[in-house]
Amino acid sequence: MEKQKTLFDVIGPVIIGPSSSHTAGAVRIGYLAGKIFGEIPQKVKFRLYNSFAKTGKGHGTDKGLLGGVLGLDVDNENIKKAFDYARKLNVQYEFEYANDHNRHPNSVDIHLEGSYKMDITGVSLGAGEVCITKINGYKFNINGDYDTLVLIYKDKPGMVYKVTALLQNYNLNIATMHCDRNAKGQEASMGICIDGSLPESLLTSLAEIDGVYLIRNIEVLKK
Amino acid sequence: MIQLNTFEEVLKEAGTQNKKLYEICQEHEAEILETSVEKVREKVQINLNAMKDAIFSGLKSKEKSMSGLCGDDCAKLIEKYKSGKIFFSETYQKVLLYSFATIEQNLRMGKIVACPTAGSCAIVPSVIVAMSEAANANEEIQINALITAGLIGEIVSNKLALAGAVAGCQSECGVASAMAAAALVEIYNGTNDQILQAAALTLKNIMGLVCDPVAGLVEVPCVKRNAFLAIYAITGAELAMAGINSVIPIDEIVDAMKQVGELMSPTLKESSEAGLATTKTGLEIAQALIQKWNAGS
């Protein structure tokens, strides 16, 4: 599905330089990962691959990823000082660099630790477009173009129905939906992009569904 | 809804409605964003102001980039313009200064407007801001010009990905220069046809430009290339305003650029595997940077 182009893809976005793919893309991956994790981590480890690894330091990819995880957006001038900001928040950070041609040229694995642990993979697709492709090993496709509901839950019959029925109650239209699971009867995941935004009360109702382990509402990125 | 697929269609639509290209573009944009033309223009104004902020911050700084390769050229030009032999008129001096100011803000992790990309972010702002000062063009005219620039980029991007990794620098700095040429014609209230001719002439003469950055960074040759292609845009506008037309229509030029991009070796598309990146000096710089960064600085 190709995204509708707008004027502001060409005379924008307003970003921190020097590179839309290696800096702004990195910030957005970090930002989405931070929202998915849902808290400021105590520890975060980034593993940068290929072009991200090779040219990342000169593009500030490291600062972008870290700043993003800490909640800084693509046009925040503090991204340049992300290391200082992390130290101020007592966040331990670490970077690893790897070459793996089975991986996207601009990809990163992020390991986050806080009140719990999470692993997130993201790729930078160019022109500041990004995609979160994995959360804890489950396939996702989160690009920040829509409000996106992220769920991890027990794999059992009726779960997709229960979730979509609640969305129906709020008259919310599903733009896209992706499901995945690790093994039958264990854990599964749903990523649902919504037209419009998710009300708080809906999130509360979703949390009450038996077997739902994790819910996140990832709001559309400012673009 | 009006379709902005080809330049021919847009020119025809504007003619039928007796409107300027920017009017067609802002109405189309309001429709897809489900908002008003006023809101679209407000958003353009925000980006125009961000461009000006980058220029004026850049003029005051000589902080180098993380690699240490670039960052003080704007300051050198300012010094030159205080004294010494000057070839350019005051207006052209401003175009050069503003382009260095903007692109240097980019490499020192300052705030810029990707236009169409971060690596080509200085061309459109330097031309619009400097030439508007020369022409005493007010903010409304500057917004019209920036929308005109955007329309050029948007239509080109329907066929050609605006990314050095896909089609080389012709699709980044080359397209930015065409956008700036079109904007300049709008500042001087040229006709719709002259706007497209300016873009066509500019695109045609930059076709085939490769993306071969030293050490993979947005610095060499990108910094100086932004300045060169800002000045180059003015040539496109000047010719078009004189009624000098491109023999090849702009839609066909974009098709040709796409073909050239496909034929271009992948080693010359942002991968730093040929061209300037693999010159003796280019490789030495890349090697020195690897050592510097492995040493943890």
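Visitor: Why is R103(A) called partly exposed?
Guide: R103(A) has a relative accessible area of 22%. Buried means under 20%, exposed over 50%, and partly exposed in between, with a 1.4 Å probe and protein chains only, so R103(A) counts as partly exposed.

Visitor: What makes the pair of R103(A) and D109(A) a salt bridge?
Guide: Their closest N and O atoms are 2.8 Å apart. A salt bridge is a side-chain nitrogen of Lys or Arg within 4 Å of a carboxyl oxygen of Asp or Glu, so the pair of R103(A) and D109(A) qualifies. This is a predicted model, in which local features need pLDDT of at least 70 and side-chain atom pairs count only at pLDDT 80 or more, while totals for chains, interfaces and linings use all residues; side-chain values use heavy atoms, without hydrogens and water. Residues are numbered from 1 along each chain as its sequence is written, and chains are lettered from A and ligands numbered from 1 in the order in which they are written.

Visitor: What does the salt bridge between D210(A) and K156(A) tie together?
Guide: The closest N and O atoms of D210(A) and K156(A) are 3.3 Å apart. D210(A) lies in the loop between helix 7 (200–207) and strand 11 (212–218) of chain A, and K156(A) in the loop between strand 8 (147–154) and helix 6 (159–169) of chain A, so the pair ties together parts that are 54 residues apart in sequence. Helices (H or I, at least four residues) and strands (E, at least two) are DSSP runs, numbered from the N terminus.

Visitor: Is D210(A) buried or exposed?
Guide: The relative accessible area of D210(A) is 58%, so D210(A) is exposed. K156(A), at 26%, is partly exposed.

Visitor: How do you know that helix 4 and helix 5 of chain B are roughly antiparallel?
Guide: Helix 4 (residues 73–82) and helix 5 (residues 90–107) of chain B pack at an angle of about 155°, with their axes 8 Å apart. Angles under 35 degrees count as roughly parallel, over 145 as roughly antiparallel, 65 to 115 as roughly perpendicular and the rest as oblique, which makes helix 4 of chain B roughly antiparallel to helix 5 of chain B. Axes are lines fitted to C-alpha atoms, for helices over the stretch in contact, and angles run from 0 to 180 degrees between N-to-C directions.
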